[in-house]
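Hi,

Here is the structure I promised to pass on. Have a look at it first, and then read on for what turned up.

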Amino acid sequence: MSNKDKVAVFLCIGQSNITVISTGNQALAVKPQEGTAFWDSLEDSTSLSVTGVKGLFGSFADTFYKETGEKCLLIQAALGGTSINNWQTSSDCLGAAINKYNAALEELKKHEDKYEITRTGYLWLQGETDCRLGISPLEYSRKYLYMHETLNRECKKLHENDEKAFSFVGILAVRSWSGRPNYMRPLNIVFAGPRAAQYAMGNLEALTIDGIRHDTAEIRMITNITENWYSDESVTNWFSSDKIYYEQDRGIVKIVGRSEADTDALMPPDISSASIVPYPDQHYLQKGYNEMGADAAKNLANILTADTKPEDIHIVLRAFNGIDFYRDGEEAVITEDTSTLIPCVTDLANNNYAFTYEFISDTCPGACVDQFGHISGLDNGSTGVYRVFLNGGTEPVLSVKIIMS
C-alpha cells in the first residue's frame, strides 16, 4: 500500500460565483486543516488554510477532505461576467483554463514522491450572464458540450492510457437572473435556458444535439442549495436551522445601507436591503459560499465513493419557478410560459441514476416533452401525463398530471 498522501485535483471554471469574489469575506471563509488543501499549486498550502480565500473554495476543500480523506488541489481559472460564448476557443477563457491546468499538472510531477493523484475533474458554475441574455437550453448545451469535449481532449491526462482528462464533472447550479426590475424575487431561480440545460446534463446519460449523441454520464449536478434562498423568510429559516454545515454561520445580520458587518452578514442580500454589488440577485455573501462549497463537496464525495440503491432514489418534478414541486400522483397546472418542468432527485448525493421522460395526452396526441423538460403541443384546457423512468426501466417512477391553463 502506498504511503503517499492522496490528492484530488479540481479545475474550477465558470463566472463570478466560482472566483475569488468581492462579496465574500476572507475572515469568514472556511479554513481547512493546513496541509489538506492547496491553491493552484502543491507549493501553496497556506492560502486556503491560513490566509483564507473569499468564496466557496475553503468549505469545498474542507468538506471533501473530511468525507474522503483525499486532499484537494484547487486550480482556479474562472472569470466573472463571462458567457458560455467566452468558453469556446484557444484564445478565450477556455484556452486560458486549459493552459493553466496543463501547467499545474506538469508541476505535479515534482511531487510524485510525496503525493498520489487519485482523480481529476472540473467544477463548473456559470450561466447567470446567459440567463440574462436569454440563451435557449439547446444552444447552451451545444456550446457547453463543445467546451466539455475540448477540455477532455486538450487538457493533459493523468495517465497516458486514460480515455479523457477528467473522470468527473460537478455542476453547481446557476443562479438565474430574472430580468425583472428592482431584482424582484423569487423570480431569480426560474428554469431559464442555462438552468434547464444543466439539469438535463446531470439527469441524462446523453444529450442529442443536432443529431449527434453526446455522453453526459460523468456530469452531475452537485449542489442546488441556493434554490432554498429565494426570500427573506427562506434565508432566515435556512441559517437558523440544523441544515447549515458550519455552526459559525448560524444566524444572520441584514445589510444596512451600503455597508456589510465585518463579522456577520445576511446571505444572500436581503431583498429589501441596499446592496454593495451590481447584481444582488446573482451573488452571495461568505456564509452562502461556505454553504455552497460544503454542500457541493459532500454530494460529490458520495457520488464518487458510494453506490446508491435504486430504491433509495426519490424523484420530484420541479416547477418552472424553481420552488414548487410535484410528487408521484399529484397534479400541476401550467401555462405556456411555465411549461418547463424538471425531474430532480431529492438528494443530489445519489449516484447510479439516469432518467428518461415522456408525455402522453389523449386530447392532444402530438404533445410531447423534450430532453430539457419543456412541454409543447398541449392546448389550453387540455391535460396529459408527464412520466419519468429510471435507469431504462419500463415502469414510470413518477407520474404527474399536467393541466394547461
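To get you oriented: in which loop is D40 found? Look between strand 2 (37–39) and helix 1 (47–51), and you will find D40 in the loop there. Before going further, keep in mind that this is a predicted model.

What makes D40 worth a stop is its backbone: phi is positive, at about 70°, although D40 is not a glycine. With a relative accessibility of 24%, D40 counts as partly exposed, because buried would mean under 20% and exposed over 50%.

You will find D210 in the loop that runs between strand 6 (206–209) and strand 7 (212–215). At 55% relative accessibility, D210 counts as exposed.

Side chains of opposite charge can pair when their charged atoms come close. One group to look at sits around helix 5 (residues 137–154), where E139 and R142 both lie, 3 residues apart, or about one turn of the helix. These two form a salt bridge, with 2.3 Å between the closest N and O atoms. E139 also forms a salt bridge with K143, and here the closest N and O atoms are 3.3 Å apart. K143 and E139 are both in helix 5 too, 4 residues apart, again about one turn of the helix. Through shared partners, salt bridges join E139, R142, K143 and D210 into one network. As for the surface, E139 is partly exposed at 24% relative accessibility, and R142 is partly exposed at 27%.

Another pair to pick out is E106 with K109, a salt bridge whose closest N and O atoms are 3.2 Å apart. Both ends are partly exposed: E106 has a relative accessibility of 37%, while K109 has a relative accessible area of 49%.

Now for the inside. Which residues touch the most other members of the largest nonpolar core? They are Y122, W124, Y144, L151, Y386 and I402, out of 75 residues in that core. Helix 3 (residues 93–108) gives the most to this core, contributing 8 residues. Apart from it lies another core, this one of 36 residues, with W39, L74, F239 and M292 among them.

Leaving aside its neighbours within four places in sequence, Y122 is in contact with L11, I13, Y144, M147, H148, L151, F166, F168, V169 and G170.

Helix 6 (residues 193–203) is another covered spot: 11 of its 11 residues are buried. The buried residues of helix 6 include R195, Q198 and N203, along with G193, P194 and Y199.

How many strands form the open sheet, and in what order do they come? There are 4 strands, in the order 11-17-16-13, and the pairing is mixed. Strand 11 (331–334) and strand 13 (355–360) stand at the edges, each with a single partner strand, so one side of each has no neighbour in the sheet. From one strand to the next, the twist averages 25°.

Within this sheet, strand 13 pairs with strand 16 (residues 383–390) in the antiparallel sense, over 6 bridges. For a landmark, find F359, which stands opposite Y386 in strand 16. You have met Y386 already, as one of the residues that touch the most other members of the largest nonpolar core.

A last stop is S382, in the loop between strand 15 (375–376) and strand 16. S382 has a relative accessible area of 10% and is buried, since buried means under 20%. Not counting residues up to four places away in sequence, S382 touches T363, C364, I402, I403 and M404. I402 is another name from the list of residues touching the most other members of the largest nonpolar core.

That's the tour; over to you.

Cheers

Key
Residues are numbered from 1 along each chain as its sequence is written. This is a predicted model: local features need pLDDT of at least 70, side-chain atom pairs count only at pLDDT 80 or more; totals for chains, interfaces and linings use all residues. Side-chain values use heavy atoms; hydrogens and water are left out. Two strands pair if DSSP finds at least two bridges between them. Helices (H or I, at least four residues) and strands (E, at least two) are DSSP runs, numbered from the N terminus. Axes are lines fitted to C-alpha atoms, for helices over the stretch in contact, and angles run from 0 to 180 degrees between N-to-C directions. A nonpolar core is a set of buried Ala, Val, Leu, Ile, Met, Phe, Trp, Tyr and Cys residues joined through side-chain atoms within 4.5 Å. Buried means under 20% relative accessible area, exposed over 50%, partly exposed in between (1.4 Å probe, protein chains only). Contact means heavy atoms within 4.5 Å. A salt bridge is a side-chain nitrogen of Lys or Arg within 4 Å of a carboxyl oxygen of Asp or Glu.
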